[in-house]
Amino acid sequence: MISSITLFTYEFDNQDIAVNELNEQLHGFELLAHTVGILMCDTEFIDSGVYKAVCAALPFDVVGTTTMTQAVDGEAGVLMLTVMVLTADDVFFEVGYTEPIPSNSNIAEHSKAGYESVAARLPSGPKLIFVFPPLLENAGDEYILAFESFCPNVPIFGTLAIDDSITFEHCHTFHNGEMSQDRLAFILVSGNVSPRFLMGTIADENKLPYSGEITKSKGHIVQEINNALTSKYFESIGFAKNGKLDDGLQFVPFLLDFKKRADHDDIPVVRAMVYFDENGYGVGRGYMDEGSVFFLTNPSADEIFKSSLGLIDRLRELPDKQAIIIFSCVVRRMTFGTQPLREAEMITEKLSGGPPFMFAYAGGEFCPTSYTDGKVTNRFHNYSIIACVL
Amino acid sequence: MDNDELLSRLKEYETEIRNLKRQLHTKERLMETFRLNMATQENFYAAMMKDKFQRDSYILQLLNNSPDIIFLIDNSQKYLLGTQSAADFIGVSEAAALTGRDFTVMTERYFPNEFGRILLSAVQSTLETGATQFFNATLKERTYDARVVLLIDEHGKRMGVLVLFHDATELMNAKSEAERASHAKSEFLSNMSHEIRTPMNAIIGMTAIAKASDDHERRDYCLQKIEEASTHLLGVINDILDMSKIEANKLELSFSDFIFEKMIEKVVDVINFKLTKKDQNLTLSIDKRIPGKLVGDAQRLSQVITNLLANATNFTPENGDIRLDARLLSEENGVCVLQIAVTDTGIGISKENQKRLFQSFQQAESSTSRKFGGTGLGLAISKRIIEMMNGKIWVESELGQGSAFIFNVQVERGAENSSEESEQKIDGKTDDNFAGRHVLLAEDVDINCEIVLAILEPTELEIDCATNGVEALEMFQKSPERYELIFMDIQMPIMDGFEATRRIRALDIPRAKNIPIIAMTANVFREDIEQCMEAGMNGHVGKPLDVEELLMSVRKYLALA
């Protein structure tokens with residue numbers, strides 16, 4: 001059985017102060033046979049060297065990514081470093097860091113060796129994979145496809161790296177003091193573990209009367225919608241004039257129904273489209289298959305907050321929680337406008353005093369939409385809030 | 001200040017600067033987030049407005065082009081909007097001019113009558129109870145199906161009512177017309193039943209009497225009656241068949257040369273017995289300028305004239321006068337326009353009844369058929385025939401003053417040496433003795449075979465009978481040189497007449513290629529005759545057999561043999 005604790009510090013300037021704070025929090029917590037730490041922090045902690053110092057000081061493997069606003073028990077803030085510590089005697093954790101992955105290259109090819117070397121250290125096949133991929137041009141789905149090719153039917157949970165800028169130029173992944181903008185960090189978990197997953201996203205009652213079929217696409221590049229060039233489609237409904245991205249495009253969630261997928265499970269997946277390329281094609285964060293049908297939505301801050309609240313309420317009803325890891329899409333935070341801490345504060349208020357939890361913002365969310373009877377449907381999401389309960 | 005203090009102060013300032021930079025960075029990020037959010041909302045607003053304008057445009061076009069009268073009244077009984085048809089119905093030129101007006105005041109102004117009262121009551125009732133009101137209304141000679149339906153919003157709250165008037169006038173008229181036509185057809189069927197049963201009764205009755213009688217005179221009398229009844233029955237059947245051809249658009253004309261005067265003679269021959277019976281006088285007047293030879297459908301033309309003359313005799317009392325006038329109205333490029341008029345001193349026809357005369361299944365009055373007999377199809381058939389000849393038929397009549405049925409037709413001037421003449425030469429032969437000559441008859445029905453044998457018996461033709469196509473083929477194959485002519489029924493068991501003909505023609509025997517094969521069949525439509533020719537037959541004789549037609553066929557083909 002897993003035991004956990006969440007460490008945090010706001011000290012992003014002084015390495016010693018930061019390390020001491022974490023050590024004090026860790027003091028008295030028994031580390032069992034196998035331990036791993038998931039570290040999330042603002043980029044400030046990298047620049048000041050606090051991240052490296054913390055990794056050096058902690059007596060276990062640490063992986064993670066940069067993020068922005070976070071929340072732990074009793075605390076919610078912008079500039080934080082948090083570490084979710086997972087320890088157990090009968091659960092095995094092995095961390096990995098792949099070779100650098102060139103943007104738009106084959107994820108599986110560049111991560112297979114890394115995965116295999118880590119998997120070889122496990123006493124048995126993994127039952128859960130935490131992924132912390134870099135923010136590349138690749139679609140988030142490619143990471144799922146890669147890991148599913150290595151070990152099919154294993155739930156994958158995690159987040160794309162993000163930072164606190166709008167341009168996301170300083171997103172890093174972490175591995176034991178190392179950091180990179182193009183290496184994938186991951187944790188393979190085996191043994192006595194039964195993870196549960198929750199997901200909250202845009203409600204389909206917020207659908208707008210703009211619906212379409214993706215009539216031509218290649219992965220996350222949407223070439224045509226309703227047989228019209230993607231940029232022309234958006235022009236036709238009043239968006240993105242003159243084929244240029246109007247900044248707001250990435251704030252427009254697509255409620256996507258993968259009609260033609262073999263593993264179609266009737267649960268719409270939310271997608272984001274980031275910009276139009278020189279051909280007028282829409283570039284998204286995740287796969288938008290040909291034949292998929294979508295609705296555009298325009299959720300308000302209240303509606304997004306409502307979906308987070310719903311997830312937290314469901315989470316609270318789950319029994320036997322030892323550790324909770326929650327990631328929420330960065331665009332949800334941006335929708336809160338002058339109340340950037342609204343979601344984080346709600347989570348702190350609702351979950352404090354209970355099992356240890358960590359909340360951070362994600363650049364893209366990895367969470368199964370179903371995991372029952374040993375069969376898992378792994379999905380990459382946007383605009384969603386996800387939770388893994390151990 | 002010493003160096004340590006300076007360094008310490010410097011560190012503090014650096015920390016301060018970093019903090020300020022972070023705060024600035026945070027503020028910048030916040031502003032950028034606001035800007036992106038605003039851009040998103042602007043996009044959505046623009047898209048929503050575009051969609052709204054598009055929908056408004058569609059709705060407006062829908063309203064402007066809808067034939068139904070539709071308008072909306074709100075909860076406070078104010079006119080909201082409506083179709084242009086609604087504006088026209090109410091009596092204003094612009095639909096928009098009615099928006100916002102009190103509906104009670106509107107009904108008082110535009111419908112100060114029972115209709116307005118019913119309409120207002122329906123609107124108010126629906127607003128109050130929510131129940132849909134249905135009613136019919138007649139206004140300005142139009143009949144409407146009306147309904148008033150409650151409108152509710154997405155929260156179930158009442159918004160007003162929708163009033164819809166659907167013009168059902170055409171539907172009602174079509175329904176009345178259909179009912180009338182159905183009634184007329186029912187009457188016609190009843191009439192036809194009578195027309196068919198009456199001669200059948202005569203045939204059956206007279207046959208029974210003849211069988212039971214040993215008296216030759218009585219038997220001759222019975223046979224005479226049977227013949228008359230059969231002829232009448234055939235006429236009824238032909239009328240019905242012609243009418244069905246007309247209804248199916250399959251009535252066709254067959255053009256050939258004919259002599260106009262001879263055609264008139266034949267018609268008079270046919271009608272003569274009726275004239276004699278009622279002691280009526282028939283006067284003929286044929287324009288000398290009418291060319292002797294014409295090209296047209298003589299059979300159909302004579303059918304029309306015969307029909308008009310028959311009507312004239314029927315509806316003229318005894319000792320009355322009937323006149324047949326034929327005039328040449330004009331001739332241009334070989335096309336003659338003839339005008340033929342049949343005038344009588346009969347009962348005449350009212351103006352009201354004249355309107356219905358040429359319609360099928362109609363007589364002037366339904367009582368006419370009961371009093372004067374007839375199918376009521378003759379004039380409709382005649383009209384169709386005349387129109388196919390690029391002509392026109394009409395009546396001039398007054399009740400009690402007699403009638404004149406007049407028609408114009410176009411026919412072509414015939415050539416001097418036409419086939420009619422050579423036909424006449426054959427026709428001129430009266431010595432029908434074909435002793436020693438052989439004919440093959442393929443006929444599966446015994447009575448039909450018996451009739452042919454009986455008709456041709458005086459000619460001493462030797463007739464061999466086959467009961468189906470296979471037998472006919474075998475008999476011919478066995479003795480091809482024996483037969484000079486084959487009469488071939490079409491509908492026979494085992495092998496029909498078409499197949500038998502094709503097989504005979506396919507035989508590797510010279511005689512098989514040129515022996516005349518004449519179809520003998522009740523199928524007399526043009527396509528049936530064409531089918532006979534395609535199978536390899538040379539001619540056609542219709543059933544029921546016409547004795548003269550059969551003999552003409554025998555004469556023609558045996559003369560050619």
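**Reading loops, cores and a chain contact**

Author: Start in chain A, in the loop between β15 (221–225) and β16 (228–229), where A:Asn226 sits. Keep in mind that this is a predicted model.

Reader: How do I read the backbone there? What is the phi of A:Asn226?

Author: General idea first. Most residues other than glycine have a negative phi. Now the case. A:Asn226 has a positive phi, near 50°, and is not a glycine. Its relative accessible area is 38%, so A:Asn226 counts as partly exposed.

Reader: Is B:Asn333 buried or exposed?

Author: Exposed, because its relative accessibility is 75% and the cut-off for exposed is over 50%.

Reader: How do I read a peptide bond? Is the one between B:Lys543 and B:Pro544 cis or trans?

Author: Most peptide bonds are trans. The bond joining B:Lys543 and B:Pro544 is cis, with omega about 0°. B:Pro544 belongs to the loop between β17 (539–542) and α18 (547–560) of chain B.

Reader: Now the inside. Which residues touch the most other members of the largest nonpolar core?

Author: Nonpolar side chains tend to be buried together in soluble globular proteins. Here the largest nonpolar core has 62 residues. Those touching the most other members include A:Ile129, A:Phe147, A:Leu315 and A:Phe366. Helix α7 (residues 301–317) of chain A gives the largest share, six residues. Domain 1 and domain 2 of chain A each supply at least three.

Reader: Which residues does A:Leu315 touch?

Author: Leave out residues up to four places away in sequence. Then A:Leu315 touches A:Leu198, A:Lys321, A:Ile324, A:Ile326, A:Leu351, A:Ala387 and A:Val389. There is also a second, separate core of 49 residues, B:Met243 and B:Phe405 among them.

Reader: Last topic, the interface. How many residues does each chain bring to the contact?

Author: Interface size is often given as the accessible area lost when the parts come together. Chain B brings 24 residues and chain A brings 31. Together they bury about 2300 Å², with 58% of it on carbon and sulfur atoms. On the chain B side, B:Arg22, B:Arg29 and B:Phe44 lose the most area, together 28% of what that side buries.

Reader: How many salt bridges join chain B and chain A?

Author: Three. One pairs A:Asp13 with B:Arg18, whose closest N and O atoms are 3.0 Å apart.

Conventions:
Residues are numbered from 1 along each chain as its sequence is written. Chains are lettered from A and ligands numbered from 1 in the order in which they are written. This is a predicted model: local features need pLDDT of at least 70, side-chain atom pairs count only at pLDDT 80 or more; totals for chains, interfaces and linings use all residues. Side-chain values use heavy atoms; hydrogens and water are left out. A nonpolar core is a set of buried Ala, Val, Leu, Ile, Met, Phe, Trp, Tyr and Cys residues joined through side-chain atoms within 4.5 Å. Buried means under 20% relative accessible area, exposed over 50%, partly exposed in between (1.4 Å probe, protein chains only). Helices (H or I, at least four residues) and strands (E, at least two) are DSSP runs, numbered from the N terminus. Domain bounds come from an automatic or database domain assignment. Contact means heavy atoms within 4.5 Å. Buried area is the accessible area (1.4 Å probe) that two parts lose on being put together, summed over both. A salt bridge is a side-chain nitrogen of Lys or Arg within 4 Å of a carboxyl oxygen of Asp or Glu.
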